[in-house]
Amino acid sequence: MVNQAEVKMPAYFEPEVRILSRHQLEELQLRRLQAQVERLYRESPFFREKWQGLSLDLKALEDLARFPVVTKDELREEQRLHPPLGRYTVAPREAWQEYHPSSGTTGYPVGTVWSRQDTENIASVTARTLFGFGLRPGDVLLNGFSYGLWVAGMAVHYAATKLGLFVLPVGSGQIERHLELMARFRPKALTATPSFGLYLAEALQERGLQSSLRLGAFGGEAGTENPATRRRLEEALGIRAYDYYGLAEMGPTFAAECEMQAGLHFAEDHYLVEVVDPISKEPLPEGQMGVLVLTHLTREATPLVRYFTGDLARITKEPCPCGRTHLRALGGILGRVDDLVVYRGAKFYPGQVEEVVRSFPELSSEYRIEVVEEGGMVRRVTVVVEARAEAQGQVEGLANALKQRLREALAVTPEVRLEAPGTLERTAFKAKRVVRRAGA
Ligand SMILES: [Zn+2]
């Protein structure tokens, strides 16, 4: 069937901002930044106190580096002391549309409000990403992102509506429902966490069912750009797999891969992106790995200036072969600053373990890193994996081979434990890879 809309649509959704020259883009960013900073100084006692004694004069984007970063702990404390949403929630109540808390499971949740205008912008930015993955009006989308309080489900839904897609709003979990609707409507695309994508692939395979999918966009956790994970998702589901990035405090889905699969493009007309040293918080030169610090250029209700995300990335402003000028995080999100494991002088992130585990066809996609700490020191690290049923006869050889490959990748040798298939918890939300406990 020929999709008529496909013929007439331009190469980019909102091409006017996607292919601006870097110079024009940065001018737009500076104007928006100046306005946002002035507005927050005027209307937000939180930022006014934080910026006391600072010159607000921003002549260039780099001048923002003298402003302090904002951490999640600060936001949590601010909202606890000034309920319901802290003194950086500056839009009047009549403008509020919906509430979304952060997804963390511990402590007072940090809440975010989307005003009607914010929701409109979020839908546009997300529609851009879906369009970039190749979705066109009339296409069928299986939305496996959780609906409700979590940001991604709603954002994708609004964007799909805007783009004229037919949405199957299943949300996360409910694997049987996903299978049933796939059989009935043959969706072209799936949006979900990579963990859920792999879980769906496993379920299809177990039941001998065919995937109807041609593309998948995976977010909510890092890992899609990990070559072994991407290969596994693409082969198991018969798709092109794209990476997606967002976080509750800043907004969902504001960075995504393009059809070149060459890193995450950020929606730079709405977000200012910096990379800083995790300890000194000083900006790092382009190309160096550090922590992403993000600023809302257009957010109306709960805007943040210099939010310290804790997510590690390496950015480039080099032009992308796709023609879009918005900067990219190469290889996607490379880890969480707090997931770093320091063991016997070696430092590694779960992504490095994942790459090794998923390069073994005899192992399932699930893994866990158990870290035993004592007196502030890591005493033992065990990588727990699942051997597939057909590999049960050769577990010893498999364990040794895995250990060997992990030693090469991490420059340190963790313990390895092979479990039966299905032992490790499957999650449709964010898989917890590093489990720390105290002990000897
Ligand atoms: Zn591109």
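I count Lys and Arg as positive and Asp and Glu as negative, leaving out His and the chain ends. I place each charge at NZ of Lys, CZ of Arg, CG of Asp or CD of Glu. On that basis I looked up the 55 positive and 57 negative charges of the protein; their mean positions are 1 Å apart.

Notes on the model. This is a predicted model, where local features need pLDDT of at least 70, side-chain atom pairs count only at pLDDT 80 or more, and totals for chains, interfaces and linings use all residues. Residues are numbered from 1 along each chain as its sequence is written, and side-chain values use heavy atoms, without hydrogens and water.

Overall form. I find twelve helices and 21 strands. These are DSSP runs numbered from the N terminus (helices H or I, at least four residues; strands E, at least two). I checked the radius of gyration, taken over C-alpha atoms, against the globule rule of 2.2 Å times the number of residues to the power 0.38. The protein has 22 Å, which agrees with the value near 22 Å for a compact globule of 440 residues. Along the principal axes, the C-alpha atoms fill a box of roughly 70 × 65 × 40 Å.

Burial and contacts. I use buried for under 20% relative accessible area, exposed for over 50% and partly exposed in between (1.4 Å probe, protein chains only). Of the 440 residues, 54% count as buried. For contacts (heavy atoms within 4.5 Å), I took pairs at least 6 apart in sequence; 67% of these join residues at least 24 apart. By the Shrake-Rupley method with a 1.4 Å probe, the protein exposes about 18800 Å², and carbon and sulfur atoms supply 52% of it.

Threonine 325. I find this residue in the loop between strand 13 (315–316) and strand 14 (328–329). Threonine 325 counts as buried because its relative accessibility is 18%. Its side chain reaches the backbone oxygen of leucine 20 at 2.6 Å.

Proline 84. A cis peptide bond joins proline 83 and proline 84, with omega about 0 degrees. Proline 84 sits in the loop between helix 5 (72–81) and strand 1 (96–101).

Positive phi. I looked up two residues. Arginine 186 is not a glycine, yet its phi is positive, about 45 degrees. Arginine 186 lies in the loop between helix 8 (175–185) and strand 5 (189–192). With a relative accessible area of 44%, arginine 186 is partly exposed.

Lysine 281, also a residue other than glycine, has a positive phi near 65 degrees. I place lysine 281 in the loop between strand 10 (271–276) and strand 11 (290–296). Lysine 281 counts as partly exposed, at 29% relative accessibility.

Definitions and conventions. A polar contact is a pair of N or O atoms within 3.5 Å; within protein, one must be able to donate a hydrogen and the other to accept it, and residues adjacent in sequence count only if both atoms are side-chain atoms.
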